[in-house]
Number of protein chains: 2
Amino acid sequence: VIAATPEPPYLAVIFSSQRTRCAEGNADERGYAAMAERMVELARLQPGFLGVESARDAEGFGITVSYWRDEAAIAAWKAHAEHAVAQRLGREAWYGEFQLRVCRVEREGRMGRP
Amino acid sequence: VIAATPEPPYLAVIFSSQRTRCAEGNADERGYAAMAERMVELARLQPGFLGVESARDAEGFGITVSYWRDEAAIAAWKAHAEHAVAQRLGREAWYGEFQLRVCRVEREGRMGRP
């Protein structure tokens with residue numbers, strides 16, 4: 001679902017990742033899915049959270065973009081205790097490779113319009 | 001696949017979209033897939049192109065992030081004749097909903113590390 005973000009400027013965190021496994025229905029995948037869902041629920045409760053968008057393909061490559069009011073909001077979310085546990089699990093088990101980019105959204109585009 | 005981008009700063013275009021249909025194997029879907037692949041090939045040839053990442057889930061929600069050296073590179077790609085045709089088809093047929101955000105990547109993050 002497309003996030004209903006406010007007028008720019010605001011911040012975006014682009015998290016690109018390759019899952020180590022993506023066998024549907026196995027215990028590891030169920031654990032991952034539950035944690036990913038919990039992290040989205042938890043992020044929504046954080047001060048300065050503006051929205052999130054996420055897609056993962058059949059090969060396990062995924063992009064999650066979360067939107068935030070300011071750097072303080074991003075720093076607080078990164079330091080959140082339950083999120084810190086998820087980050088460690090992600091680094092050690094769930095992701096074969098990942099990249100995180102912090103961006104300032106400057107404008108919205110208008111595809112195909114002059 | 002995670003894009004091998006240079007050190008920030010550079011620009012990112014986050015394109016979030018919901019496909020109108022995603023029935024695998026039908027003619028519309030094959031046409032879309034061919035055009036999407038062609039656009040990535042063509043983008044790679046543009047001056048100032050730095051990389052692209054893309055994921056679309058089973059429900060047809062997708063995120064494509066393309067990375068660019070500067071605004072001039074983004075403007076030239078938006079105006080590219082073949083890309084303009086694809087944008088029009090996207091707006092009129094392929095996407096039920098979409099959003100395009102232009103961002104400045106300020107830093108890379110380090111998930112789960114202090």
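Which residue forms a salt bridge with B:Arg104? The partner is A:Glu106, with the closest N and O atoms 3.2 Å apart. A salt bridge here is a side-chain nitrogen of Lys or Arg within 4 Å of a carboxyl oxygen of Asp or Glu.

## About the model

This is a predicted model, in which local features need pLDDT of at least 70, side-chain atom pairs count only at pLDDT 80 or more, and totals for chains, interfaces and linings use all residues. Residues are numbered from 1 along each chain as its sequence is written, chains are lettered from A and ligands numbered from 1 in the order in which they are written, and side-chain values use heavy atoms, leaving out hydrogens and water.

Helices (H or I, at least four residues) and strands (E, at least two) are DSSP runs, numbered from the N terminus.

B:Arg104 has 32% relative accessibility, so the residue counts as partly exposed. A:Glu106 is at 34%, so this residue counts as partly exposed as well. The scale runs from buried (under 20% relative accessible area) through partly exposed to exposed (over 50%), using a 1.4 Å probe and protein chains only.

## Where the chains meet

Contact means heavy atoms within 4.5 Å. By that rule, 44 residues of chain A are in contact with 44 residues of chain B. The two chains bury about 3,900 Å² between them, 55% of it on carbon and sulfur atoms. Buried area is the accessible area (1.4 Å probe) that two parts lose on being put together, summed over both. In chain A, the residues that lose the most area to chain B are A:Ile2, A:Arg101 and A:Met111. Together they make up 21% of what that side buries.

Six salt bridges are counted between chain A and chain B. One joins the side chains of A:Glu53 and B:Arg101, at 3.1 Å from N to O. On the side of chain A that touches chain B, β4(A) gives the largest share, 13 residues. By class, that side has 20 nonpolar, 10 polar and 14 charged residues. Here Ala, Val, Leu, Ile, Met, Phe, Trp, Tyr, Cys and Pro count as nonpolar, Asp, Glu, Lys and Arg as charged, and the others, Gly among them, as polar.

The largest nonpolar core has 24 residues. Such a core is a set of buried Ala, Val, Leu, Ile, Met, Phe, Trp, Tyr and Cys residues joined through side-chain atoms within 4.5 Å. A:Ile14, A:Ile63, A:Val65, B:Ile14, B:Ile63 and B:Val65 touch the most other members. Strands β1 (10-19), β3 (61-68) and β4 (95-108) of chain A, and those of chain B, each supply at least two residues of this core.

Take A:Ile14. Beyond its neighbours within four places in sequence, its contacts include A:Ile63 and A:Val65, and also B:Ile14 and B:Val65.

## Bridges within a chain

Over all chains, the count comes to 16 salt bridges. In one of them A:Glu82 pairs with A:Arg38, the closest N and O atoms being 2.7 Å apart. This pair links distant parts of the chain: A:Glu82 is in helix α3 and A:Arg38 is in helix α1 (residues 27-44), 44 residues apart. A:Arg38, A:Glu41 and A:Glu82 are linked in a network of salt bridges.

In chain B, the side chains of B:Arg91 and B:Glu92 meet in a salt bridge at 3.8 Å, N to O. B:Arg91 is partly exposed, at 24%, whereas B:Glu92 counts as exposed, at 55%.
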